[in-house]
Amino acid sequence: MLLIEKLLADREMRQNALARAAGMSPATVSLIISGRLLPYDKQLVAMAQAVSYKGQPADLIEQVDG
């Protein structure tokens with residue numbers, strides 16, 4: 001599980017809501033979370049801001065224990 005997935009679950013937030021808050025398409029968010037698309041730094045920053053994550057944005061796509 002990616003850190004972003006854990007944060008979404010903890011916040012009871014869906015990918016569509018993340019996409020809206022980050023100014024991205026739901027398809028792009030889905031591709032990033034599924035590991036089929038490597039995000040740009042700007043996208044990671046937008047996602048981190050959308051979930052109020054204070055750590056390094058690149059951490060969002062790191063594997064964590066569920």
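Colleague: Which residues touch the most other members of the largest nonpolar core?

Modeller: A nonpolar core here is a set of buried Ala, Val, Leu, Ile, Met, Phe, Trp, Tyr and Cys residues joined through side-chain atoms within 4.5 Å. Buried means under 20% relative accessible area, exposed means over 50%, and partly exposed lies in between, using a 1.4 Å probe and protein chains only. In soluble globular proteins, nonpolar side chains tend to be buried together. In this predicted model, the largest such core has 19 residues, and Ile 4, Leu 18, Met 47 and Leu 60 touch the most other members. Helix H1 (3–10), helix H2 (15–22), H3 and helix H4 (41–50) each supply at least two of the core residues. H4 gives the most, with 5 residues.

Colleague: What does Leu 18 contact beyond its neighbours within four places in sequence?

Modeller: Contact means heavy atoms within 4.5 Å. With those neighbours left aside, Leu 18 is in contact with Ile 4, Leu 8, Met 13, Val 29, Ile 33, Met 47, Ala 50 and Val 51.

Colleague: How many helices and strands does the protein chain have?

Modeller: Helices (H or I, at least four residues) and strands (E, at least two) are DSSP runs, numbered from the N terminus. The protein chain has 4 helices and 0 strands, and along the sequence this reads α-α-α-α.

Colleague: How does the radius of gyration of the protein chain agree with that of a compact globule?

Modeller: The radius of gyration is taken over C-alpha atoms, and the globule rule is 2.2 Å times the number of residues to the power 0.38. For 66 residues, a compact globule would have a radius near 11 Å, and the 10 Å of the protein chain agrees with this. Along its principal axes, the C-alpha trace spans about 25 × 25 × 20 Å. Of the 66 residues, 35% count as buried. Among contacts with a separation of 6 or more, 53% come from residues 24 or more positions apart.

Colleague: And what about charge: how many positive and negative side chains are there?

Modeller: Lys and Arg count as positive and Asp and Glu as negative, with His and the chain ends not counted. Each charge is placed at NZ of Lys, CZ of Arg, CG of Asp or CD of Glu. The protein chain has 7 positive and 7 negative side chains, and the centres of the two sets lie 10 Å apart.

Colleague: Where do I find positive phi values in residues other than glycine?

Modeller: One is Glu 12, with phi near 50°. Glu 12 lies in the loop between H1 and H2 and is exposed, with a relative accessible area of 75%. Another is Ser 52, with phi near 55°. Ser 52 is in the segment after H4 and counts as partly exposed at 48%. Ser 52 and Leu 7 are 45 residues apart in sequence and 9.4 Å apart in space, C-alpha to C-alpha.

Colleague: Which residues does Glu 62 touch, not counting residues up to four places away in sequence?

Modeller: Glu 62 touches Met 1, Leu 2 and Leu 3. Glu 62 lies in the segment after H4 and is partly exposed at 45% relative accessibility. Glu 62 and Met 1 are 61 residues apart in sequence, with their C-alpha atoms 8.2 Å apart.

Definitions and conventions:
Residues numbered from 1 in each chain as written. Predicted model: local features only at pLDDT ≥ 70, side-chain atom pairs only at ≥ 80, totals over all residues. Heavy atoms only, no water.
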